[in-house]
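Student: Hi! I've just opened this one and could use a guided tour. Can we go through it together?

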Amino acid sequence: QMRRVVLLLALLLGNACGKLVFDRVSMLGSSGTHKREDPANTVSWFQAALVRANGTTMETVDGGATWHRGSVSEHPLNAAADIGNNSSLLVSLGMETWYPEPTSEFVSKGSAVFSFDQQTKTFSYTASDKNVTWTGLPFKVLEFSVDSGGIARLPNGSLVATPVVWVHDDDTPYVVPPTHCCNDTVVSFISDDGGYVWRYAGLVAAKWQYQYQEGPNENNIVLLADQQTLWVVFRVDGGDGVPDHPHVPYMSTTSTDGGYTWSVPRLLPSNVQSCKPKAAVIPASGALVVSGGRPALNVWESPDGFGDTWEIYDIPTIHNQLMAEPDLRFCTQFENATTSLGWAQSSGYTTINVLSPTEGLVCYERQGFPSGGYEKPIPAECIVDYSTVFCMTVHVEA
C-alpha cells in the first residue's frame, strides 16, 4: 500500500493527469466483402507495430504515420507473448479453441516468433515445430481460448496469461461449440521459459461466482506502473447473453503475487463497457488506458494508473474530426452512443498498444452489420457495404 501511495505521488508530480490527445487516423484496409472484420491482435515496438486487419497483417515503422503490407503480412498474430523485452514475440500455431471432449491439457501445433530489427526497420517471422503446452488446469473444459485473454511480462521475465475457458455443465447436452451462451471463466497461467511451457496458477474470475448471463470472458492483462501489480479487465455481459442480451460495465481484478491469487473483482463505472476490453499502460506517465465498446466505441483513461478514476473519449467523434474523407467517417448518430440508441456502427472490438514511452495506438472498425444483441436495425443512411479497420495514434498531454 505504501508503494502505491509513493507511486501515485510520483505520477501526479510527473503530470500523469494530462488528457489524451489523438493525433492522426489511418485506414488500414477494407474487407471489400465482409460486413464485419474486427481488428485482430496488435503487437508493437518502438514506433513500429503490426496489426491484423481484414485478413492481412499490416505494419508501420514510423509511429503509425503510414501503413503497408510487408514480409510478414500473411502470418496471423494470435496472442503474442513478449519473450525478448519488446524485441521479439512468440505466438502459438494451430491452437484449438473448442475440443471434442472435455479436457484440461492443451498443446499447440508448433510456434513462431515475430522480431523487429531497429537498425533496418524490418520485421521477420520464424516458424518452429516447438510446441506450446498448457497443463495443470484443475477442471475439464470445452473451450480454451488464449486469444480471448492477454499475456503480460513481469520484471523477472516470467509471463502471465489469462485464457478464457468454458466449463462443461454435465446437465447440458454436449454440443461443440455450444448453441447457448455462455459458461465462461477466466484463469491464469504462468510461464518461466519464455512462453513455451505454461502451468496453471489460479482462478481469476468464474461464472459460478456471478449472476451474469455470459460470465467472465474476454479480457486483457497489463502490468501497472508500480511494476508489481497485475491488472485484469474482463467482460461479463457484452450483448451475447441469453435471454436478455444485456450490456453491463467491465469488471477488474488485481494480483500482487505474480498471478497466483486475485482480488475480489470490482465493477467499473457505468459508462465503461462492455465487450472485449483491451488495455495498455503509457510508460512515461503511468496512465492506464482501455479501449472497447458496446453500446458505444471508446477509449478510457485512468490518470491515477490504478483504475480508481476514469476519463472517457468517444472514438467516432474524434475519428470524424480527424478523418478528411466524408465517406470514411462514422454516422453522426453513432457519436457518443448510449444503449438507448439501439444499434451500433461498430462491433466494439478494438486493440490498444504502446508505440513509445509517451504514445499509444488504438485500432477499431466501422462495420455494416448489426451485432452485439441490439434490437433496432441500423438506419439506411448509416449502412456501409463492408467493414473497414482504422488506427489512431494518441499521446498523453503534459
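Student: Okay, is L93 buried or exposed?
Tutor: L93 is buried, because its relative accessible area is 18% and buried means under 20%, exposed over 50% and partly exposed in between, using a 1.4 Å probe and protein chains only. Keep in mind that this is a predicted model, where local features need pLDDT of at least 70, side-chain atom pairs count only at pLDDT 80 or more, and totals for chains, interfaces and linings use all residues. Residues are numbered from 1 along each chain as its sequence is written, and side-chain values use heavy atoms, with hydrogens and water left out.

Student: Got it. Where does L93 sit?
Tutor: In the loop between β7 (88–92) and β8 (98–103). The strand names come from DSSP runs numbered from the N terminus: E for strands, at least two residues, and H or I for helices, at least four.

Student: And which residues does L93 contact?
Tutor: Leaving aside neighbours within four places in sequence, L93 contacts N78, S108, K109, G110, S111, A112, Y125 and A127. Contact here means heavy atoms within 4.5 Å.

Student: How far apart are L93 and A53 in space?
Tutor: Their C-alpha atoms are 18 Å apart, and in sequence they are separated by 40 residues.

Student: Let's zoom out. How many helices and strands does the protein chain have?
Tutor: The protein chain has two helices and 29 strands. Of its 398 residues, 58% count as buried.

Student: What about its overall size?
Tutor: The C-alpha atoms fill a box of roughly 55 × 50 × 45 Å along the principal axes.

Student: What share of the contacts is between residues 24 or more positions apart?
Tutor: They make up 60% of the contacts with a separation of 6 or more in the protein chain.

Student: Now a helix. Why is α2 called largely enclosed?
Tutor: Helix α2 covers residues 315–322, and six of its eight residues are buried, so the rest of the structure largely encloses it. The buried ones are I315, P316, T317, I318, H319 and N320.

Student: What covers those buried residues of α2?
Tutor: The cover includes β1, β25 (297–302), β26 (311–314), β28 (359–366) and β29 (388–396). V25 is found in strand β1, residues 20–30. Among the residues V25 touches are H319, L322 and M323, not counting residues up to four places away in sequence. V25 is buried too, with a relative accessible area of 16%.

Student: Switching topic: how many aromatic pairs does the structure hold?
Tutor: It holds 21 aromatic pairs. Rings of Phe, Tyr and Trp (its six-membered ring) pair if their centres lie within 6.5 Å; planes under 30 degrees apart count as stacked, over 60 as edge-to-face and the rest as tilted.

Student: Can you show me a tilted one?
Tutor: W45 and F116 form a tilted pair, 5.9 Å centre to centre with 40° between the planes. The pair links distant parts of the chain, 71 residues apart: W45 is in strand β2 (residues 42–45) and F116 in strand β10 (residues 111–117). Both W45 and F116 are buried.

Student: And an edge-to-face one?
Tutor: W134 and F144 are edge-to-face, at 5.4 Å between centres and 65° between planes. W134 lies in strand β12 (residues 133–135) and F144 in strand β13 (residues 141–145), so this pair ties together parts ten residues apart in sequence. Ring pairs also link W134 and F144 into a cluster with Y99, F106, F189, W198 and Y200.

Student: Last topic, the backbone. Which residues does a cis peptide bond join?
Tutor: One joins V242 and P243, with omega about 15°. P243 is in the loop between β20 (230–234) and β21 (251–255). A cis peptide bond also joins R294 and P295, with omega about 10°.

Student: And what is the phi of H245?
Tutor: H245 has a positive phi of about 50°, although it is not a glycine. H245 is in the loop between β20 and β21, and is partly exposed at 32% relative accessible area.
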